[in-house]
Amino acid sequence: MSENEMTVKDIMVIARQIGLSIPEQSVAGVLSNSQLLRGYCDLICSMDLPDDCLPAYEYRP
């Protein structure tokens, strides 16, 4: 297991911090989705984008 992988304990701590209860039968799915999202975050954060890169055409601040 890599140091970036979340554990069930991590998920339960985060859920408790935001006042969310996760049914026991959903914990595995929440863990799986959290790891998938973390992978996407790591991928996006590893991209080197220049400061003058224009936002997507539909972006409205």
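1. A disulfide needs a pair of cysteine sulfur atoms within 2.5 Å. The structure holds 0 disulfides.

2. A word on the basis of these remarks. This is a predicted model, in which local features need pLDDT of at least 70, side-chain atom pairs count only at pLDDT 80 or more, and totals for chains, interfaces and linings use all residues. Residues are numbered from 1 along each chain as its sequence is written, and side-chain values use heavy atoms, with hydrogens and water left out.

3. The cysteines also deserve a look for accessibility. Cys 41 is partly exposed, at 43% relative accessibility. Cys 45 is exposed, with a relative accessible area of 68%. The classes are buried under 20% relative accessible area, exposed over 50%, and partly exposed in between (1.4 Å probe, protein chains only).

4. Now the helix pair. Helix α1 covers residues 8-17 and helix α2 residues 27-45. Helices here are DSSP runs (H or I, at least four residues), numbered from the N terminus. The two pack at an angle of about 95°, with their axes 10 Å apart. Axes are lines fitted to C-alpha atoms, for helices over the stretch in contact, and angles run from 0 to 180 degrees between N-to-C directions. α1 and α2 are therefore roughly perpendicular to each other; that class spans 65 to 115 degrees.

5. Which residues make the contact between α1 and α2? From α1 come Val 8, Ile 11 and Met 12; from α2 come Val 27, Val 30, Leu 31 and Ser 34. Contact means heavy atoms within 4.5 Å. By class, this contact has 6 nonpolar, 1 polar and no charged residues. Ala, Val, Leu, Ile, Met, Phe, Trp, Tyr, Cys and Pro count as nonpolar, Asp, Glu, Lys and Arg as charged, and the others, Gly among them, as polar.

6. The largest nonpolar core has 6 residues: Met 6, Ile 11, Ala 15, Ile 22, Val 27 and Leu 31. Each of α1 and α2 supplies at least two residues of this core. A nonpolar core is a set of buried Ala, Val, Leu, Ile, Met, Phe, Trp, Tyr and Cys residues joined through side-chain atoms within 4.5 Å. Val 27 touches Val 8, Met 12 and Ile 22, leaving aside residues up to four places away in sequence.

7. Next, residues with accessible surface. Glu 24 sits in the loop between α1 and α2. Glu 24 is exposed, with a relative accessible area of 68%. Its C-alpha atom is separated by 36 Å from that of Met 47, 23 residues apart along the chain.

8. Gln 17 belongs to helix α1 and is exposed, at 62% relative accessible area. Tyr 40 lies in helix α2 and is partly exposed, at 47%. The C-alpha atoms of Tyr 40 and Asp 51 are separated by 21 Å.

Key: Parallel < 35°, antiparallel > 145°, perpendicular 65-115°, else oblique.
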